[in-house]
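Visitor: I'd like a close look at one part, please: the pairing of charged side chains.

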Amino acid sequence: APAAFGDRALELLTSALRQGLRECEVEAVLTLATRPGHRANAEWLYRELAQMTMPDRDATWSIATYFADTSSDSYRRLTQWSLEGRVTSNTEIELAARTLIWLLTSPNRFLRDEVSKTLVRLVHSNLRVLAGLVRAARDVDDPYMQERLLTITYGALMVGGDSNLNHARLVVDELIAWRDAGLPIDVVARDSARGTLAWAADRGLVTAFEVAAFDPPYGADPP
């Protein structure tokens, strides 16, 4: 129960996250992350990981979770619940999605691939959650996460955007704000964002002028 998780427990888990997680601690983090109202849920995880520099985060979190796809029961349970539609409340969906995006920082490409597919399945019918993920990823200094999140956004809108164009517009608004703040220079990320805006323009959600702001050469100087 959340009430049984006291100050000392949170202190120990935070210390482990900052210094390098053992396998049992990875299990604890992934298990607690999706629990609404828990002190060590995905909201705590986001605060802790977002404030780290990318090298520190890679040395602790990303390395510790490298084999999550093959060795973590908590990860398998989370992805299975997401794929089977057993994560049902908006709060649970948001917590699950906010947990999964941190696995996009992994150097394990197969893990990133699986998480990407799971996230598209999880958020394509929950576009408000997707808009929040786009906003969250914008402030994280990790190109792996940003590239994948933009690709997930494109895929999720292609799959489920037509079912709720008002919520799709929320996602597009977040992309426009990201573009104004400076999108990643990665061409895959930029092309995903451009494709998303083209999809939105085809449905009358944005103007041709707004789409043109996402076109190549993406603000780069000519060679």
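Guide: A salt bridge here means a side-chain nitrogen of Lys or Arg within 4 Å of a carboxyl oxygen of Asp or Glu. This is a predicted model, where local features need pLDDT of at least 70 and side-chain atom pairs count only at pLDDT 80 or more, while totals for chains, interfaces and linings use all residues. Residues are numbered from 1 along each chain as its sequence is written, and side-chain values use heavy atoms, leaving out hydrogens and water.

The structure holds 17 salt bridges. Start with Glu-174 and Arg-138, whose side chains meet at 3.4 Å, N to O. This pair links distant parts of the chain, with Glu-174 in helix H11 (residues 165-181) and Arg-138 in helix H9, 36 residues apart; helices are DSSP runs (H or I, at least four residues), numbered from the N terminus. Glu-174 is buried at 14% relative accessibility, whereas Arg-138 is partly exposed at 22% (buried is under 20% relative accessible area, exposed over 50%, partly exposed in between, with a 1.4 Å probe and protein chains only).

Helix H11 also contains both Asp-173 and Arg-169, 4 residues apart, about one turn of the helix. Their salt bridge brings the closest N and O atoms to 2.6 Å apart. Asp-173 is partly exposed at 32%, and so is Arg-169 at 25%.

Now look at Asp-142 and Arg-57, which form a salt bridge of 3.9 Å, N to O. Asp-142 sits in the loop between helix H9 (127-138) and helix H10 (143-160), and Arg-57 in helix H4 (residues 54-64), so the pair ties together parts 85 residues apart in sequence. Asp-142 is buried at 2%, and Arg-57 is buried at 0%. Asp-141 joins these two residues in a network of salt bridges.

Terms used. Helices (H or I, at least four residues) and strands (E, at least two) are DSSP runs, numbered from the N terminus.
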